[in-house]
2 protein chains.
Amino acid sequence: MKKLKRSERLVDMTHYLLKHPHQLISLSFFSERYQAAKSSISEDLTIVKEIFASEGIGYLLTIAGASGGVKYIPMAGEEESVQLVEDLCRMLENKERLLPGGYLYMMDILGSPQWMNHVGRLFASVFAKQEIDAVLTVATKGITLAYAVASHLHVPVSIVRRDHRVTEGSMVSINYVSGSTKRIQTMSLARRSLQEGSRVLIVDDFMKAGGTARGMINLLKEFQAEVVGIGVLVEAEDVEERLVDDYVSIARLEEVNEKEKRVQAGPGNVLHQLKEVSYDEKRSYE
Amino acid sequence: MKKLKRSERLVDMTHYLLKHPHQLISLSFFSERYQAAKSSISEDLTIVKEIFASEGIGYLLTIAGASGGVKYIPMAGEEESVQLVEDLCRMLENKERLLPGGYLYMMDILGSPQWMNHVGRLFASVFAKQEIDAVLTVATKGITLAYAVASHLHVPVSIVRRDHRVTEGSMVSINYVSGSTKRIQTMSLARRSLQEGSRVLIVDDFMKAGGTARGMINLLKEFQAEVVGIGVLVEAEDVEERLVDDYVSIARLEEVNEKEKRVQAGPGNVLHQLKEVSYDEKRSYE
């Protein structure tokens, strides 16, 4: 790369950092890339860091020492997140979403990269410190959200299937009981799609009784994997007994009245969870 | 937002543009956001534009006039794209991918946000001028790629299913003949997941005889939609008669020999297609 001025470096550096979340980038890398002294690079990074923090883009962590550098951690701002949750609730309350059986049509939200990118970033913020190795979801509707979360965490996505395809090699299958219909179902995960012992974040679009999530947790045991968190876009409220209790939700359905064509949604617990994640550099981040 | 210096504006502006591909942003927006004169904003954008162009980030199109502004068009550089295609081919040639029946395991690539982000950007570059309204794919394996393409084009993803779910409302179904197995199958798309008359880009992970793509084309007719392009990650070569002939592929399988455990892959036609897309501002972009 040709030698750049500060203003030019900042454009390229911002792009580079945004494209490499959760990855340690050494000062030497930038110093060589821009043919600039490390002291200049440090000054650049201070500017980037301040703007990333003040505009709710994320944290730029500085890791000192010989193996040090900087790491961009996507971190949604509080104000923006409150707005996102609020907007999602209003979207969900549109009675046009109501389908026979009290289901809600959500593919417009799940199929929107803009929505998924925002929600994915919010989940990645909440789980930023969990040292996640992979995001797991179940086909089909959770995939876009899982991908969006994974891309902000810089980890792969693994997809559990309810059918069995010849194009995935040997698969591990389990039976599970759907929490709401009480029917026995099967789910499978390709053996090679997840490393044994991985730290896994489960992501799905919807949780009712939690049978599917429970199934995924059991499936993960077959991979000696550890579940470090569960994130769902929408949770149903009218659940007698939930099969999992530790999860993060963006929105919560408070009422779905098919007859009177009324849907009421409120915030899930994500805003509370977000508050607990804070990057105080003095307490240091590894 | 508080008043920022140029260096600070450039960081925020770069972030803002990258998050809003294919969207027209007026100079007034930036001028108000940063409390800066339009002339200063113009100078900022000139710096961003040059770096975006020289580093293969994309084009920053300037649209003059009262309703004008700037638009960031993700555009993969040629050198980077040649490397991407080359890397993908080498990945595919790993004989560990070979599955019984001559299938190739590809979920590691399809589940990697990094790979999908690169490939998605490349497809978005090739189809940048097509005024696409939606990306269509078929569940399950094409979804991550379709999402990645859609997010660079700033359009929604619609997902065709081979089963029928109660959570998607009324669906339009068609029967189609799988090109390679010659069996009759069904595919469905939720009525409300695609606006009638949309201009659609079809994206899938793999194309053999093209039966699935042909099916999607027929399904789109039911929505009075227009197919403006087809993008596949990998195409098989040993196909007697392909059911679709106008498509863009990243890689092409040249040989899959299950017995001798050998896979050979070469570049698809994407690099050729990429060369045909050029943004010459004098010829203007609408």
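Reader: How much area do chain B and chain A bury between them?

Author: This is a predicted model. In it, chain B and chain A bury about 4,900 Å² between them. Carbon and sulfur atoms account for 66% of that.

Reader: Which elements give two or more residues to chain B's side of that?

Author: Helix 1 (6–19), helix 3 (38–54), helix 6 (113–126) and helix 7 (143–153) of chain B do. So do strand 4 (98–99), strand 5 (103–104) and strand 7 (157–160) of chain B.

Reader: And which one gives the largest share?

Author: Helix 1 of chain B, with nine residues on the side that touches chain A.

Reader: How does that side divide into nonpolar, polar and charged?

Author: On the side of chain B that touches chain A, 29 residues are nonpolar. Another 15 are polar and 13 are charged.

Reader: How many salt bridges across the interface of chain B and chain A, then?

Author: Zero by the rule used. Polar contacts are there, though: 14 residue pairs between chain B and chain A, both residues at pLDDT 80 or more.

Reader: How many residues are in contact on each side?

Author: 57 of chain B and 57 of chain A.

Reader: How many residues does domain 2 of chain A put in contact?

Author: Eight, against seven from domain 1 of chain A.

Reader: What about polar contacts and salt bridges between the two domains of chain A?

Author: Three residue pairs are in polar contact between domain 1 and domain 2 of chain A, both residues at pLDDT 80 or more. The salt bridge count between these domains is zero.

Reader: Back to chain B. Do strands 8 and 9 run parallel or antiparallel?

Author: Antiparallel. Strand 8 (residues 171–177) and strand 9 (residues 184–190) of chain B are joined by seven bridges.

Reader: Which residue of strand 9 is the bridge partner of B:Val177?

Author: B:Ile184.

Reader: What sits between the two strands of chain B?

Author: Six residues, as strand 8 and strand 9 of chain B form a hairpin. B:Lys182 in the turn has a positive phi of about 65°.

Methods: Residues numbered from 1 in each chain as written. Chains lettered and ligands numbered in written order. Predicted model: local features only at pLDDT ≥ 70, side-chain atom pairs only at ≥ 80, totals over all residues. Heavy atoms only, no water. Contact = heavy atoms within 4.5 Å. Salt bridge = Lys/Arg side-chain N within 4 Å of Asp/Glu carboxyl O. Polar contact = N/O pair within 3.5 Å; in protein donor to acceptor, adjacent residues only side chain to side chain. Pairing = 2+ DSSP bridges. Helix = DSSP H or I, 4+ residues; strand = E, 2+ residues; numbered from the N terminus. Buried area = accessible area lost by both parts, 1.4 Å probe. Nonpolar A, V, L, I, M, F, W, Y, C, P; charged D, E, K, R; others polar.
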